[in-house]
Amino acid sequence: MENANERPVDTKEIRELLDANDGARIRTWLSICSRCGLCAESCFFYLANNKDPRLSPAYKFKNTLGEMYRRKGKVDREFLRKCYDILWGECTTCKRCSLYCPFGIDIATMISAARAVCYSQGITPEGLARTLDHYREVGNQMGISSEELRDTCEWMAEEAADEVRGLEIPIDKKGAKYMYTINPREPKYYPLDLAMAAQIFTVARESWTIPSTGWDCTNLPMYAGDRALAGQVVKSMYDKALELGVEKILLTECGHAFRSAAFEGPYFAGYPDGKPPLEVVHSVQLFYEYLSDGRIQIARKLEEPVTYQDPCNVSRNGGLWEEGRRIIEYLAEDFRDMSPNREHNHCCGGGGGYIPMGPEFKRRRMISGRVKAEQIKATGAKIVITPCHNCYDQISDLNEEYNLGIKVSSLKEIICDIMVIPDEFKPESQEKHSD
Amino acid sequence: MKCPVCNEEVEDQRLFCPYCSWELTPDIGDLSPERKALYNERLKIARENWRLLQEYRRFERESLEAPEIQRKAIEPEKIHKKILFCTDLYPSSDYAFAAALDLAERSGAEFIILHVLGSPHRYSGLITTAEGETWASEEVYEKIRERLKEYYFCRIEQENPDWVWIAVKAGTPWIEILRFARKQKVDLIVMGPYTIHDPRLGLDLEKPHLGKHAQRVILQAHCPVFIVTSPKQRLSFRDEGAKST
């Protein structure tokens, strides 16, 4: 949290923000909640913390946004600090509670609105705040320059060409079918993700390109509460896609990127109908298409028991739970689904900005992650596949914390490992060998 | 004060001995009996390691002087212009350092000491330090740079050598090593085979094994990679060669 910022609370600014959100939806939600408690049992924070009633979603929104409205914005810093703890430390905005609310109250939207109020007063987790300047100045959360990205792409193209002959990573190719947008943590920390994507696209004979700007599909301002910046991030992606004249925007295996680019970001970017200017496709959709159309063939299926972690923003909020499962059917012999699963699956505990929020929240992240750890353990799976980087890191942490004895993997990793490389793409050395 | 390992006179404010790199702990009296026992065990190992290192250096000097080993062909030429030594900050890198330094000195190469602060995550980039999990900030980098300087510069004969520099990165070690080597266009990478986290095992690198990071660096580096194990392994290799001829 921004400790240095001790300026007095600007109640006028808060009031303005509250008024801007004071539409029929929020007013109805705040008044209609009958405290029935059905949302409590749906929340993994509540379940993992001895069913503490203060962790029930209804309590959380009532004591943050509800209270802000009740006091007509006249709140002090101490109150906002308490809100900070609830809004970021006790909710990942996974939206599972909305599914169980008999009135369909969208609690996560209210939590996000309250986050925006806190942010307006300089209150937001340090881990999220430190990425915001990078977004503003360079256009991506890690502050990676276009040159650095180009260099990393060149490097990865060299690496991947050892596996798939003729592989290229095209940059700013006009008129390509897909503009492939990525999570900056890939070029920064795990560039192999780029190499694997390039291998899959090459083998599938895809027309694709990476843009030199607007390539960051993540949107941490959305979780930090900076809605203006969140809109700017999405808009720069759309603008670049329109400039390049691509058909569709493709997203890497990232959960919240789908929420941002496909269905929540358009509102921030000023599209009143909530629809992006061109189709946004998640990797899960495209990989499913490749496998079902036979553009990617699998050489051998995984024999170890596998389970699938539904990223909240891909499955529950993005509607791709069946596609995820169909992909696993192509990849693994022994699929063991979690319980509950699909749109009812629990959040891993790393979403909503929780992983980037960093060390301050680590302990709580491990405690609340117990629900996911138990779900995984119950499947007996040895491999957990998840198409989301935050899920990946969180489940890796849970693996250590709860001794799960599993291997976490992305879809790309598995597909690259077991897909058939057609002869024309086999590296020369291998080709000679097989001759 | 005298260094308990190499017995050299060391200024009181030093954190590491400038001769043998022993981490100086001034308040041993405050240690609990358990920690004191561990300290004594480490001290015993460090002394033994120091003795072995001296022996290794003696062996190196003698080998150089021995007429049958011909190094003339190498000496005047700058074969390696940029040598990258990768350290895990454990004594298990010490032999690799000695070998890398030796090569750099002989070939007149630029010498880079690189340490990668490993992240427990694939994507988040958080690192683990003595104080716990944190972000890789310039402050953390500077602290490690100082530590590396104290630890390694005392082993270089020349004072303030301008051909040696230190780099610190954060992330997955083998990826950052490869990225750095490629960016800096280094001619050679030198590193240890694996990390021995337990200080009680010191420099016991005799197990024929390659760690994950060494394996990936060997497989994917654009330049030659030297993996330096224990000199005992090297000696046995020489012996085998002698027998066969």
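View 1. A:Arg130 and A:Glu126 share helix α8 (residues 126–138) of chain A. Four residues separate the two, about one turn of the helix. Their side chains meet in a salt bridge, with N and O 3.1 Å apart. The model shown here, as in every view, is predicted. Over all chains, the count of salt bridges comes to 48.

**View 2. The three domains of chain A.** Chain A is divided into domain 1 (3–124), domain 2 (128–291) and domain 3 (298–418). How far apart are the centres of domain 1 and domain 2 of chain A? Taken over C-alpha atoms, the separation is 31 Å.

**View 3. Where domain 1 of chain A meets domain 2 of chain A.** Twelve residues of domain 1 of chain A are in contact with eleven residues of domain 2 of chain A. Between them, these two domains bury about 860 Å². Carbon and sulfur atoms carry 42% of that area. Six residue pairs are in polar contact between domain 1 and domain 2 of chain A, counting pairs with both residues at pLDDT 80 or more. Which helix gives the largest share of the domain 1 side? Helix α7 (residues 107–120) of chain A does, with seven residues. By type, the domain 1 side that touches domain 2 of chain A holds five nonpolar, five polar and two charged residues.

**View 4. The salt bridge between domain 1 and domain 2 of chain A.** One salt bridge is found across this interface. A:Lys95 pairs with A:Glu264 in a salt bridge. Their closest N and O atoms are 3.8 Å apart.

**View 5. The interface of chain B and chain A.** Chain B brings 20 residues to the contact, and chain A brings 30. The two chains bury about 2300 Å² between them. Of this area, 53% is on carbon and sulfur atoms. Which residues of chain B lose the most area to chain A? They are B:Arg122, B:Tyr123 and B:Trp135. Together these residues make up 39% of what the chain B side buries.

**View 6. Polar links between chain B and chain A.** Four salt bridges cross the interface of chain B and chain A. A:Glu158 and B:Arg182 meet through their side chains in a salt bridge, at 3.0 Å from N to O. The count of residue pairs in polar contact between chain B and chain A is 15, with both residues at pLDDT 80 or more. On the chain B side, β4 (132–134), β5 (164–171), α4 (173–184) and α5 (212–220) of chain B each give two or more residues. Helix α4(B) gives the most, with six residues. The chain B side that touches chain A divides into seven nonpolar, seven polar and six charged residues.

**View 7. An aromatic pair in chain A.** Over all chains, the count of aromatic pairs comes to 20. How do the rings of A:Phe45 and A:Tyr354 lie: stacked, edge-to-face or tilted? Their planes are at 35 degrees, so the pair is tilted. The ring centres of A:Phe45 and A:Tyr354 are 6.0 Å apart. This pair links distant parts of the chain, 309 residues apart. A:Phe45 sits in helix α3 (residues 44–48) of chain A. A:Tyr354 lies in the loop between α16 (321–331) and α17 (362–368) of chain A.

Note on methods. Residues are numbered from 1 along each chain as its sequence is written. Chains are lettered from A and ligands numbered from 1 in the order in which they are written. This is a predicted model: local features need pLDDT of at least 70, side-chain atom pairs count only at pLDDT 80 or more; totals for chains, interfaces and linings use all residues. Side-chain values use heavy atoms; hydrogens and water are left out. Domain bounds come from an automatic or database domain assignment. Contact means heavy atoms within 4.5 Å. Buried area is the accessible area (1.4 Å probe) that two parts lose on being put together, summed over both. A polar contact is a pair of N or O atoms within 3.5 Å; within protein, one must be able to donate a hydrogen and the other to accept it, and residues adjacent in sequence count only if both atoms are side-chain atoms. Ala, Val, Leu, Ile, Met, Phe, Trp, Tyr, Cys and Pro count as nonpolar, Asp, Glu, Lys and Arg as charged, and the others, Gly among them, as polar. Rings of Phe, Tyr and Trp (its six-membered ring) pair if their centres lie within 6.5 Å; planes under 30 degrees apart count as stacked, over 60 as edge-to-face and the rest as tilted.
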